[in-house]
Every structure is written in structure tokens, then in C-alpha cells.
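Work through these exercises with the model open beside you. Try each task before reading its solution.

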Amino acid sequence: MELVGKVAIVTGAAQGLGRAFARAMIQRGAKVCISDQNVEKGNTSCVALRKELNTADVNFVKCDVTQQDDMKNMFDDTVRRYGGVDIVVNNAGIMNERTWSSCVDINLKGVIQGTLLALEHLQERGGVIINISSIAGVVPVAGAPVYTATKHGVIGFTRSCSVNPKVKAANIRLACLCPTFTDTPILDMTDDHFTSWSSRQNLWKDVEQLGIMKVETVAQGFIQLLLDKDNNGAIMTISPNRGIQTKYYPKARM
Ligand SMILES: NC(=O)C1=CN([C@@H]2O[C@H](COP(=O)(O)OP(=O)(O)OC[C@H]3O[C@@H](n4cnc5c(N)ncnc54)[C@H](O)[C@@H]3O)[C@@H](O)[C@H]2O)C=CC1
Ligand SMILES: CCCCC/C=C\C=C\C(=O)C/C=C\C/C=C\CCCC(=O)O
């Protein structure tokens, strides 16, 4: 897929990985709507990206992924502004075992809602949906069971959509990105984010063992996932020791 002139939406893009994905797409000629529930950071990032990349092809829309009206407005605004949508990146996510219900609402229900709206918008012209999971989407993580459940859910949902014949006929591709720890504000966890059935200490041991990647490393894998025309249903993992790996799991009837 060539990115010049393509229109992309990224949720949770005011900072961290979402912002890095937006930046990488703009650099390759895409027009990008960055959205976030944080209006101040979203606007600041939008202005910074315009300045740094010398472009007007990036805008900010306020969108809390738990709010259906916000999500609909984000798509409608993008269509009005750029004439359509080609790429949707469902990235917004949090890590909080204590407010676990909001973790499910944002990480899983937000991705489902974003994907369903994306499928509607892409059905006439085709396109790509990238859902951001985590390495916690493919391995058990004792320190963060709810977060891990949401990320497994993202993979199950995305792969199920990818094998739907209607999705294939509409020339829509879906894939998941699963990084290990990456240097973003999500790592600034305190004990308040955990319960007695989860543990910051355990996760921190994993961080120390695995190391922390730069957002640019993950953005590189993201662009590879986006550009590969033949990867519907793919799960890409990225880690410091194993690098970028694309995996295809069995479809059914094992
Ligand atoms: N940084 C890491 O180590 C890894 C992160 N991920 C995933 O990558 C995605 C992005 O995370 P990071 O950039 O690291 O985190 P981050 O905390 O830096 O950025 C997350 C963004 O999502 C926004 N957000 C939170 N709730 C929202 C809501 N209800 N609606 C809209 N936006 C909302 C925040 O305002 C923030 O701008 C998440 O889904 C996360 O689970 C996956 C693997 C590793
Ligand atoms: C105290 C630091 C907490 C950081 C947690 C915040 C964000 C997590 C982001 C991730 O998505 C990564 C999450 C979990 C990975 C955990 C363990 C990986 C073990 C991988 C392996 O065994 O191969």
C-alpha cells in the first residue's frame, strides 16, 4: 500500500505510540486525523507535528473511544475534511488493574467500536485496520491479568473479522500489532494501578529483563505491517530480543 494521499485516523494519538504512528504515516505522505480524549495534549501534538513535518495534512479531533458519539464524529469529520478514510489505527489504551472496567471499556470495547465503524466506512473503497494489542495479547502476564485479557480480546476480535468473507470481498485488511515494553508515559505506573491480584513489582521485573524499546522501533514495524498488502489476519510482535516477527495462527478446525 502506497501512503501518499491516503487518509488515516489514529485514536489515542496525543502522545506515545499513537503519535509516533501518525508521524510515520505523515512522513510518507498520508493525511492523518489524530484523536484523543486529552484535548490539550492532542492540540499541542498536532501543532508540533505540523511544524516539524511542515505540513497542513494533520488535524486533531477530540474523541473518547468509550463515547459512541465522539467516535462517529471522528469518522464524519475526517470524511468531510479529507473526502474519505483508508486506514484506521485503534490505538487508545490504558493499563489499570484497579479501574479494570475502564480498562475493558477503552482497550477492548473501544477497539471493537472503532473497528465496526471503520468496516462501515471502508466497505466501498477498501482499506486497512490496524488494532494495537500487546505482547500481553499472546502470552499470560501474572502482573496484569485484566490488561492481558483485553489485549487477548483485541487479537481474537481482529482475527475473527479478518476471516469474514464479506471483509475480504470488500478488500479490507485487518492486522494486530503486539509490542513489548516501549518508552511512553504508560510505563509511569504507580502501585495505585494494581490490586492484590496484580503486581507492579512483577511487571517491573519483566521490564528489567526484556528492556524498553523506542517508539521509533515500534513505528518501523507498524509501517511494515501497514504496507504489506498480503497480511490479512497477521499478528506482528516486536521485542528487543526477537525483533519484528509476523505470525499467522491456525484459522479453525484444529
Ligand atoms: N508502551 C508500551 O509499553 C506498550 C503499549 N501498548 C499499547 O499501545 C497503545 C498506546 O499506548 P502508549 O502510547 O504506550 O500509551 P500512552 O499512555 O502514552 O498513550 C495512550 C493515549 O491514549 C489516550 N487515551 C486514554 N484513554 C482514552 C480514551 N478513553 N479515549 C481516547 N484516548 C484515550 C491517552 O490520553 C493517551 O494519549 C495502548 O493500546 C497500549 O496498550 C502495547 C504494548 C506495549
Ligand atoms: C511497572 C511497569 C508497568 C508497565 C505496564 C504498562 C504497560 C504495559 C504495556 C504492555 O503492553 C506490555 C505489557 C506486558 C508485557 C509483560 C510481560 C511480557 C513477558 C513477555 C515474555 O515472557 O516473552
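This is a predicted model: local features need pLDDT of at least 70, side-chain atom pairs count only at pLDDT 80 or more; totals for chains, interfaces and linings use all residues.

**Exercise 1.** Describe the surroundings of ligand 1. Which residues come nearest, and which polar atoms lie beside the ligand's own atoms?

Solution. 
- Begin with the shell. There are 28 residues around ligand 1. Asp-36, Asn-91, Tyr-147, Thr-182 and Thr-184 come nearest.
- Sort the shell by class. Around ligand 1 it holds 14 nonpolar, eleven polar and three charged residues.
- Look at side chains. Asp-36 places a polar side-chain atom 2.6 Å from an oxygen atom of ligand 1. For Asp-64, a polar side-chain atom is 3.0 Å from a nitrogen atom of ligand 1.
- Now the backbone. A polar backbone atom of Thr-182 is 2.8 Å from an oxygen atom of ligand 1.
- Check burial. Ligand 1 taken alone exposes 830 Å². The protein buries 94% of that.
- Finish with the elements. Those that give two or more residues to the shell around ligand 1 are α1 (16-27) and α5 (145-162).

**Exercise 2.** Turn to ligand 2. How many residues surround it, and which helix gives the largest share of the shell?

Solution. 
- Count first: 15 residues surround ligand 2. The closest are Ser-134, Tyr-147, Phe-181, Met-189 and Trp-204.
- Take the atoms of Ser-134. An N or O atom in the side chain of Ser-134 is 2.7 Å from an oxygen atom of ligand 2.
- Then Tyr-147. A polar side-chain atom of Tyr-147 is 2.6 Å from an oxygen atom of ligand 2.
- Work out burial. Taken alone, ligand 2 exposes 630 Å², and the protein buries 83% of that.
- Find the helix. Helix α7 (residues 200-210) gives the largest share of the shell around ligand 2, five residues.
- Last, the classes. The shell around ligand 2 divides into twelve nonpolar, one polar and two charged residues.

Methods
Residues are numbered from 1 along each chain as its sequence is written. Chains are lettered from A and ligands numbered from 1 in the order in which they are written. Side-chain values use heavy atoms; hydrogens and water are left out. A residue is near a molecule or strand if one of its heavy atoms lies within 4 Å of it. A polar contact is a pair of N or O atoms within 3.5 Å; within protein, one must be able to donate a hydrogen and the other to accept it, and residues adjacent in sequence count only if both atoms are side-chain atoms. Accessible areas come from the Shrake-Rupley method with a 1.4 Å probe; for residues, only the protein chains shown count as cover. Helices (H or I, at least four residues) and strands (E, at least two) are DSSP runs, numbered from the N terminus. Ala, Val, Leu, Ile, Met, Phe, Trp, Tyr, Cys and Pro count as nonpolar, Asp, Glu, Lys and Arg as charged, and the others, Gly among them, as polar.
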